[in-house]
Structures are given as C-alpha cells and as structure tokens.
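These are my notebook entries on one protein chain.

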Amino acid sequence: RHYIAMEFLEGGDLEMRTLEGVSGHGAVVLVETLGDSLPLLPGENIIHRDIKPANILFHSDGTPVLTDFGVAKQQEADAKLTKDGTTLGSPYYISPEQAESKLVDGRSDIYSLGIVLYEMLTGAKPFQGDSDIQIIIAHISDPVPELPAELAQYQELIDRMTAKSPDERFATAGEMVRYLREI
C-alpha cells in the first residue's frame, strides 16, 4: 500500500482566512514569511508552480507552511512545461510564462504569490472569467487591476510581483523580502 504522510496543520488554510478578512499589514507579513521560504526552493532547484491560498496552511500558532509540491519541478531537470502544451497549476494564480509553456524559474512563484497578496488585500481574485482559458488569457494579457485607494500603499509591491515579464519582477524572493522589510 502506498500513502503520503503529512504533518497535521490545525490552523486551517489561507483560503478560509482570506474569506474571513486579512489586514493589509497581516497580508504583507505573511508574504514576507513565505518569501523567506522560497529561496530554499530554488536553492534546491525547485519551483513550486502551484502557489495558491489552499496550499498555504497554518500551525495553531499562525505559522504558515507552503504545501502541495505535486506539480513542483526541478529547474535543471525540466524547467519547461510538458512539450504538448499541458499547463500545470491553478488558473487563478498561474504566471504568464507558465501559462504559455515557457521556461519558468523562481519569479513564476513570485508572480503567483503576488496574485495571492492581491486577493488577501482585496478579498477578490484579480482575474475572473467564464472559463479557465479566459482567466489564463487575462494573466497573459491584462494588467492586474489597481488596488482601491485605501490600499494604494501596496500598489508598487503588487506591480513588481505581478509584472507580465519575469524580467520586470523581483529577481529573487530574497530581493522581494528585502523590499518588504524596507517598506
């Protein structure tokens, strides 16, 4: 018999916490904490490729844990998605380069985390559609909607995390975390 064992994380997931409401400061602190863990993935040449609220679980003390490495890839072994164009990951959080089956690196995870941050701040996903294809096309071509005026202090952060071109995003999660600590 085959099975997967995982630590029991009794604090729920970010999807539920977002429905309950997350403060701007709380959202940024969470992104900073998760950003601190992302350099560990590229250090092992791993890209998560499916960062979303349902994959961010919590210990009872509130410590977040990034889970579900089911579609993670070793960067050197296969940084491209499958050659037949199959796209892996969740349509609401997928990076443009992942959606287009281009080479992906840690900046793809930063994009997905930026979409999660947008959702925590606003309570809504930035891209909606009647189908997965419409949502994916929006990730490729549409800018992330502007934050409401009361959240404008986070706009530059969202813009840098969710830039359509990976070259316009933070180069590394470490760079993103340093920026977060500055603001």
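**Surface and confidence**

I took accessible areas from the Shrake-Rupley method with a 1.4 Å probe, and for residues only the protein chains shown count as cover. On that basis the protein exposes about 9700 Å², of which carbon and sulfur atoms supply 51%.

This is a predicted model, in which I read local features only at pLDDT of at least 70 and side-chain atom pairs only at 80 or more, while totals for chains, interfaces and linings use all residues. I number residues from 1 along each chain as its sequence is written, and side-chain values use heavy atoms, with hydrogens and water left out.

I looked up pLDDT, the predictor's confidence in each residue from 0 to 100. The average for the protein is 86, and 85% of the residues score at least 70. Over residues 71-86 pLDDT stays under 50. The model has 37 contacts for that stretch beyond four places in sequence, a contact being heavy atoms within 4.5 Å. Where pLDDT is low, the predicted coordinates should not be read in detail.

**Fold**

I counted helices (H or I, at least four residues) and strands (E, at least two) as DSSP runs, numbered from the N terminus. The protein has nine helices and four strands. Along the sequence the pattern reads α-α-α-β-β-β-β-α-α-α-α-α-α. Of the contacts with a separation of 6 or more, 63% are between residues 24 or more positions apart.

For burial I used relative accessible area: buried is under 20%, exposed is over 50%, and partly exposed lies in between (1.4 Å probe, protein chains only). Buried residues make up 45% of the 183 residues.

Which residues of helix 7 are buried? In this helix, residues 132-141, I found Ile-135, Ile-136, Ala-138 and His-139. Seen down the helix axis, the buried residues fall within an arc of 155°, so they line one face of helix 7. The arc is that of the directions from the helix axis to the C-beta atoms. Their cover includes helix 5 (96-99) and helix 6 (106-122).

For helix 9 (residues 173-182) the buried set is Ala-173, Gly-174, Met-176, Val-177, Tyr-179 and Leu-180. These residues pack against helix 2 (24-37), helix 6 and helix 8.

**Aromatic rings**

I paired rings of Phe, Tyr and Trp (its six-membered ring) if their centres lie within 6.5 Å; planes under 30 degrees apart count as stacked, over 60 as edge-to-face and the rest as tilted. By this rule I get two aromatic pairs. Tyr-92 and Tyr-93 are edge-to-face, 6.5 Å centre to centre with 65° between the planes. Tyr-92 is partly exposed at 27% relative accessible area, whereas Tyr-93 is buried at 7%. Phe-170 and Tyr-179 form a tilted pair, 5.4 Å centre to centre and 50° between the planes. Both partners are buried, Phe-170 at 0% and Tyr-179 at 13%.

I then checked for charges over rings, meaning NZ of Lys or CZ of Arg within 6 Å of the ring centre and within 35 degrees of the ring normal. Lys-125 lies over the face of Tyr-92, 5.1 Å from the ring centre. The charged end of Arg-17 sits over the ring of Phe-58, 3.7 Å from its centre.

The contact lists below leave out residues up to four places away in sequence.

Asp-13 lies in the segment before helix 1 (14-20) and is buried, at 16%. Asp-13 touches Pro-53, Ala-54, Ile-56, Leu-57 and Phe-58. Asp-13 and Leu-66 are 53 residues apart in sequence, and their C-alpha atoms are 9.9 Å apart.

Glu-97, in helix 5, is buried at 4% relative accessible area. Its contacts include Lys-102, Arg-107, Lys-164 and Arg-169.

Gln-155 is in helix 8 (residues 155-161) and counts as buried at 10%. I find Gln-155 touching Pro-145, Glu-146 and Leu-147.

Is Leu-157 buried or exposed? Leu-157, also in helix 8, is buried with a relative accessible area of 0%. What does Leu-157 touch? Its contacts are Val-28, Leu-117, Phe-170, Tyr-179, Leu-180 and Ile-183. The list takes in Phe-170 and Tyr-179, which form the tilted pair. The C-alpha atoms of Leu-157 and Arg-169, 12 residues apart along the chain, are separated by 9.6 Å.
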